[in-house]
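Keep the structure open beside you and look for each spot as it comes up.

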Amino acid sequence: MTLRNPILRGFNPDPSIVRVGEDYYIATSTFEWYPGVQIHHSRDLANWKLVGRPLDRPAQLDMRGDPDSCGVWAPDLSYANGRFHLVYTDVKRYGRTSVGGGRSASLRDFHNYWVWAEHIEGPWSDPVYLTGSGFDPALFHDDDGKSWLLNMLWDHRSGRSNFAGILIQQMDLETGALVGERRVIFEGTERSFTEAPHLYKREGWYHLLVAEGGTERNHAVVMARSRSLFGPYEVHPDGPVLTAAGKPDAPLARAGHGDLVESPSGETWIVYLCGRPLPASDRCVLGRETAIQPMRWGEDGWLRTEDGSGSPVAEIEREGLAGEWSPVDERHDFEDGSLPDVFQWLRTPFPDELFSLAERPGFLRLHGRDMIGSPFAQSLVARRQQAFRYAAETSVEFDPVNFQQAAGLVCYYNSTKFHFLQVTTNDEGARQVHLMSGIPREGECGLVEVPASIPPGPVGLRVEVDHEVARFGYRPHGSSDWCWLPDPVDTSILSDEATLPGLPNFTGTFVGMACYDVSGAGLPADFAYFEYREAE
């Protein structure tokens, strides 16, 4: 029987895992996508189902104005005192990235919160603000009943490492109050960029797991241990516990940012983020995904991969353990009045201002709001790209009266990277189809106009993606044939690796529907269905 990685395909980074009885739960980052945090459930570690997005109301999360790839970073999910506990960061400001090993002045704002629930499905509590000292918060529940908050410490000053080590401080698990002295317990190794702390206790040792090397090709899982909670911590003698750095033949790249869980039978497993770069471009068009593999504790008390190599694996052979994966083939007709679980939108906790499934039953109505890429009120509803080859299709009814109104089908990474096949109009009032592409070359935004006007009525829109290439087509009302745009487009730009200098790129590609109207009229667009079909 074979378990195949990644277990969470497409944009699902920074996994945190917990087991409660026979049930496993993984929480992953959602950044600027709303609702915040994805939680998947499994009973066999191979097959996972989305069971909730807990941050779903204004009191918990409002990301309007958050920059691209900010918002919810690295949630940590734990269980103690009969409750699930979730701590997370809402990054409000990123600025330009730190360079030169992360030693330049870098002013950022990290809001860290705690919420809890008695059941994984919720309801989840209102948040308690914890700290702004850094990001990647995590809770450690010691066997003496005390709970501790860990996070990386951000040093904004010039000439110092911005990644200044791992902080720990006691937390009152009833109120969320931080009590006592905060301490730096680990300053990291020479790999630098020390983040994503998780703490475990085993046989009298405190084992600290962190991510280092940055979340690109040098990413790694590093471990250290101490007899005392506050250290000093001794670094693993083998170096990184898990990494693909310097291993060009590794089946998964970017391996790092891990978390451990123990099965009922006593096996230790690690979940970690990874990427699958395409050979032609070396770009991860599916973003950062989540993988899993078994680990073993050595006679010396240190944790290692099963073969001792510290390498990620794509397949795991286990009796009775098999991942049931098949290409997604779905169609949504918006008939039941609720948004299907696969879809998300951007930043705002007030979705009624962006879209409605009730104003015209059987349709998803998007209200024309800000321009594509806005960090405030962007009417865009989309689902993750989860395969290298897929086709997506929709039909839109939209009657623009000026060029500042548009609606259509979008492949979207962020405000600088997208392909948007839109129905709009020219200055003479004739409806046309345009392809607008945001390309990360000093903010370049290209526009391909289809010269032929399209008749009144619904317009079908379609994209077919094959690894790094996509072609877009449209089908006017009354036609049975697709009209394909003459030139394919580069979809490898919809990746972390294609970027303007100094900007964060931590998410993944979505495909869906969008509408803007910057004329102020708020013209709506009605979408009859959305199809997403993956190829083998």
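A quick definition before we start: helices (H or I, at least four residues) and strands (E, at least two) are DSSP runs, numbered from the N terminus. With that in hand, go to P35, which is found in the loop between β4 (33-34) and β5 (38-42). A cis peptide bond joins Y34 and P35, with omega at about -5°.

Some ground rules. This is a predicted model, where local features need pLDDT of at least 70 and side-chain atom pairs count only at pLDDT 80 or more, while totals for chains, interfaces and linings use all residues. Residues are numbered from 1 along each chain as its sequence is written, and side-chain values use heavy atoms, with hydrogens and water left out.

Most residues other than glycine have a negative phi, and most peptide bonds are trans. Here are some spots in this model that go the other way.

| Spot | Backbone value | Loop |
|---|---|---|
| Y34 to P35 | cis, omega about -5° | P35: between β4 and β5 |
| G122 to P123 | cis, omega near 5° | P123: between β9 (109-117) and β10 (128-131) |
| L45 | positive phi, about 70° | between β5 and β6 (49-52) |

Is L45 buried or exposed? L45 counts as buried because its relative accessibility is 4%. The cut-offs are these: buried means under 20% relative accessible area, exposed over 50%, and partly exposed in between (1.4 Å probe, protein chains only). G308 has a relative accessible area of 38%, so G308 is partly exposed. You'll find G308 in the loop between β23 (303-305) and β24 (315-317). G308 and F31 are 277 residues apart in sequence, and their C-alpha atoms are 34 Å apart in space.

**A strand with two partners**

Now find strand β35 (residues 459-466). Six of its eight residues are buried, so to speak mostly covered. Which strands does β35 pair with? Two strands pair if DSSP finds at least two bridges between them. Strand β30 (residues 389-397) pairs with β35 in the antiparallel sense over eight bridges, and A391 has E464 of β35 as its bridge partner. Strand β36 (residues 469-475) also pairs with β35 in the antiparallel sense, over seven bridges. Here V463 stands opposite F472 in β36. β35 and β36 form a hairpin with two residues between them, and H467 in the turn has a positive phi of about 55°.

**The whole chain**

How many helices and strands are there? The protein chain has zero helices and 40 strands. Its radius of gyration is taken over C-alpha atoms, and the globule rule is 2.2 Å times the number of residues to the power 0.38. With 536 residues, a compact globule would come out near 24 Å, and the chain has 24 Å, so the two agree. The C-alpha atoms fill a box of roughly 75 × 45 × 45 Å along the principal axes. Of the 536 residues, 60% count as buried.

Contact means heavy atoms within 4.5 Å. Among contacts between residues at least 6 apart in sequence, 59% join residues at least 24 apart.
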